[in-house]
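The exercises below are meant to be worked with the sequence and the coordinates open side by side. Each task is followed by a solution that goes step by step.

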Amino acid sequence: MLPRVADSLSFLYLDMVRVVQDDTGVCAQIQAAPDRTDIVYIPTAALSCLLLGPGVSITTPALTTLARHGTSVVCVGAGGVRAYAGILPDSLTTHWLEQQVAAWSDPTRRLDVAVRMYAMRFQDAELPDTVTLDQLRGMEGQRMKALYKILAQQHGIGRFRRNYHPDQWQAQDPVNLALSAANTCLYGIVHAALLALGLSPALGFVHAGTQHAFVYDVADLYKAQTTLPVAFALNQSTHPEQDARRRFRENLRLLRLLPRIVRDVQTLLTPGRQPTPNGDYEPEDQSERRDVEMVHLWDPKAGVLPAGVNYGSSND
């Protein structure tokens, strides 16, 4: 049985190193001095995702070991922001992808996940059980307007209006430029987390019609706490995009955002799984821990059947 993401070390970020396979295992070679190379071994068997930042080179034997141990490899920007490409091992469990597809394809479950996504942003408010998706969407819109107003007042900005015009990029004010840049970084972090879980970034519950719909869904859960404060604080910056990326990257070290994304996504896709008063989550049922040592066959009546079996009758 492969370890779940929740049971293992969620992510490891590397930059400016060479990743190789030696006689002991996979290690990162760090050029500490012109005449000295430090070696740090990577716990591949207990690692869910390896984030390769700028300046990293990796050998084929090292990639082979990572794939054999079920570790996803994602090429990212500096500090783990912006996911450029992902290499998923063949042994990566499809459990969370199956949960996502099952919830997305069922209109009732899809609505439930969408409602719970909106509800996660109102943790300080009591929502009635009869609240609808339209009502939550309206509440979220009013909440964002109020947050814009508060942040604008805190930073001495007269009036702020969110604008996003790619065709008039340089004509935008510093806050909008910084917010767009920081949001792009946040999307990269979420994309990397979804790839590590083996989920489809395209199957969104609130957003639709784009290959990154689920990325936008999940990223919206954290913008009020991450990208918005950064952007408004840079209202006087002469280089808001660069400054936003740097400050967002620095704040990630304090936020521990990647493990939080993993927990929240698993909670959203698991019906009935709710956070405890201390912010953690109840352990999953043992039925959710699945053996994935071999490929299974799907049957509409039996569910899952073992592969590698000849089902032809003796008379054929």
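The secondary structure of the protein chain, in what is a predicted model, comes to nine helices and ten strands. Buried residues make up 42% of its 316 residues, and a search of the whole structure finds eight salt bridges.

**Exercise 1.** Determine in which order the four strands of the open sheet are arranged, and which strands lie at its edges.

*Solution.* 
Step 1. The four strands follow the order β4-β3-β2-β6, and their pairing is mixed. The edges are formed by β4 (36–41) and β6 (57–58), each of which pairs on one side only.

Step 2. Strand β2 (residues 18–21) pairs with strand β3 (residues 26–33) in the antiparallel sense over four bridges, and a hairpin of four residues joins β2 to β3. Within this pairing, R18 stands opposite Q29 in β3, while the bridge partner of V19 in β3 is A28.

Step 3. Strands β3 and β4 also run antiparallel, joined by six bridges, and they form a hairpin with two residues between them. Here I30 stands opposite D38 in β4.

Step 4. To place a helix against the sheet, take α1 (residues 60–68), which lies across β2, β3 and β6 and runs at about 75° to β2.

**Exercise 2.** Trace the network of salt bridges that links R121, E140 and R143.

*Solution.* 
Step 1. The side chains of R121 and E140 meet in a salt bridge at 3.0 Å, N to O. Since R121 lies in the loop between α3 and α4 (133–154) and E140 in helix α4, the pair ties together parts that are 19 residues apart in sequence.

Step 2. E140 also forms a salt bridge with R143, the closest N and O atoms being 3.3 Å apart; both residues lie in helix α4, three residues apart, or about one turn of the helix.

Step 3. As for accessibility, R121 is buried at 10% and E140 is buried at 8%, while R143, at 27%, is partly exposed.

How values were computed. Residues numbered from 1 in each chain as written. Predicted model: local features only at pLDDT ≥ 70, side-chain atom pairs only at ≥ 80, totals over all residues. Heavy atoms only, no water. Pairing = 2+ DSSP bridges. Contact = heavy atoms within 4.5 Å. Axes fitted to C-alpha atoms, helices over the stretch in contact; angles between N-to-C directions. Buried < 20%, exposed > 50% of the residue type's maximum accessible area, 1.4 Å probe, protein only. Salt bridge = Lys/Arg side-chain N within 4 Å of Asp/Glu carboxyl O.
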